[in-house]
Amino acid sequence: MKKPNFIQENVSLAPLTILRLGGAARFYADIADESALLEALAFAQTQSLALLILGGGSNLVIADTGFAGLALRIKPRGIHQQSDAVVTVAAGEPWDEFVAHCVAHNWAGIETLSGIPGLVGGTPIQNVGAYGQEVSATIQTVRAYDRVAQRFVHLSHAECGFAYRQSIFNTTARERYIVWSVTFGLRVNGTATWHYPDLQKRFTTQPSLHEVRAAVLDIRRRKGMVIDEADSDTRSAGSFFKNPSLSVDEFAALNERAANIPHYPNANQFKVPAAWLIEQAGFPKGFTAGRVAISTKHSLALVNRGGATTAELIALMRQIQDGVEKRFGVRLQPEPIFVG
Ligand code: EPU
């Protein structure tokens, strides 16, 4: 099959990621509609090319050697109202613009997820969560292209298999589906969520959706978690590590090694902040290793200070993992998706 004209060759992927790291894609295409997707997939199949779906590039670490397959960005945007507060949102819609839209309509359910970078299509994949909400609580269905069945399918909430930073899309069915749109059920005139400690500190009575959105944006900015193009200290992949969930025994073992460990009980498990473990293992905010560093504002965010390579970032990741494991016996698991 002849290469469709809209597929480009040797396109640098670094500018398409927040970390600005990594090499080029052998082939690259912006996908404008369903027929372009089918054409691109047919080309990938005839050439036996691996596929990479890029979202907003906010949770992606690409190898310095790049990606030898076909990288696609799903571009369609749009918020389509089905009924009261049930909306189907195209994968290419910027997530935070959708959150703002819901808050403006007084639809509750995703207000604490304000200020998160990336596109709507990426949110079900790692079940994005922050400040007391996860997208899985409002996602009703996901429409996706199924590369096995070779057709578009609707996946119910249950079929998505959501858990902490997890779904079938990043575990059992990794690479099988291409998310095309997501249907959310929000609560008309619903009350805002504000039980997360950082939010509780700021209000004494029930805040409005708008107030919670403004508070979350402010908290995130202070933690360097709202991307400011001009400030490399904010150009991170968000939390670089997941917060470990420990069993009762594992948590008891951890307590033998340190006192006053912050923790949050969570279904027979204890969730421990990775940021705390990192700091206590000797990696303070602003810890620098050449051109990569820990953000000066939050110890879970790794940043490219300018001109770094992916190899340098991975070396820092391993240094932190090893240091935390040596000090606490806990191996931190990275959160971003690694390519190549
Ligand atoms: N902490 C530190 N040092 C820091 C920051 C935090 O020691 O620099 C400790 C403190 O004990 C603090 C605790 O970590 O009380 C929790 O910190 P924070 O509220 O900032 O949350 P987090 O656990 O670091 C998680 C999510 C974030 C999400 C926030 C708010 C994960 C891996 N991260 O971070 O999600 O925004 O809670 O809900 O679950 C992301 O996944 O990319 C992400 C940014």
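This is a predicted model: local features need pLDDT of at least 70, side-chain atom pairs count only at pLDDT 80 or more; totals for chains, interfaces and linings use all residues.

Colleague: How do you know that the radius of gyration of the protein chain agrees with a compact globule?

Modeller: For 340 residues, a compact globule would have a radius of gyration near 20 Å, and the protein chain has 20 Å, so the two agree. Along the principal axes, the C-alpha atoms fill a box of roughly 65 × 50 × 40 Å.

Colleague: Among contacts between residues at least 6 apart in sequence, what share joins residues at least 24 apart?

Modeller: That share is 59% in the protein chain.

Colleague: Why are β18 and β20 called edge strands?

Modeller: The open sheet has the order β18-β19-β20, with antiparallel pairing. In it, β18 (288-289) and β20 (302-304) each pair on one side only, and they are the edge strands.

Colleague: How do you know that β18 and β19 pair?

Modeller: Pairing requires at least two bridges. β18 and β19 (residues 292-294) have two bridges, in the antiparallel sense, and therefore meet the requirement of at least two. Alanine 289 stands opposite valine 292 of β19.

Colleague: What are the partners of β2, and in which sense, parallel or antiparallel, does each pair run?

Modeller: One partner is β1 (residues 8-12), joined to β2 (residues 24-31) by four bridges in an antiparallel arrangement. There, glutamine 8 stands opposite tyrosine 28 of β2. Another partner is β5 (residues 67-74), which runs parallel to β2 and is joined to it by six bridges. In that pair, aspartate 30 has arginine 73 of β5 as its bridge partner.

Colleague: Why is leucine 209 called buried?

Modeller: Its relative accessible area is 3%, and the cut-off for buried is under 20%; leucine 209 therefore counts as buried. The residue lies in helix α5 (residues 209-222). Leaving aside residues up to four places away in sequence, leucine 209 touches several others, including Val103, Trp107, Glu111 and Ala192. The C-alpha atoms of leucine 209 and glutamate 111 are separated by 6.2 Å, although the two residues are 98 apart along the chain.

Colleague: What makes the phi value of asparagine 127 worth a remark, and is the residue buried or exposed?

Modeller: Phi of asparagine 127 is near 45°, a positive value in a residue other than glycine. Asparagine 127 is found in the loop between β8 (107-108) and β9 (129-130). Its relative accessibility is 0%, so the residue counts as buried.

Colleague: Where is asparagine 268 found, and does the residue count as buried or exposed?

Modeller: Asparagine 268 is found in the loop between β16 (264-266) and β17 (269-271). Its phi is near 65°, again a positive value in a residue other than glycine. At 72% relative accessibility, asparagine 268 lies over the 50% cut-off and therefore counts as exposed.

Note on methods:
Residues are numbered from 1 along each chain as its sequence is written. Side-chain values use heavy atoms; hydrogens and water are left out. The radius of gyration is taken over C-alpha atoms; the globule rule is 2.2 Å times the number of residues to the power 0.38. Contact means heavy atoms within 4.5 Å. Buried means under 20% relative accessible area, exposed over 50%, partly exposed in between (1.4 Å probe, protein chains only).
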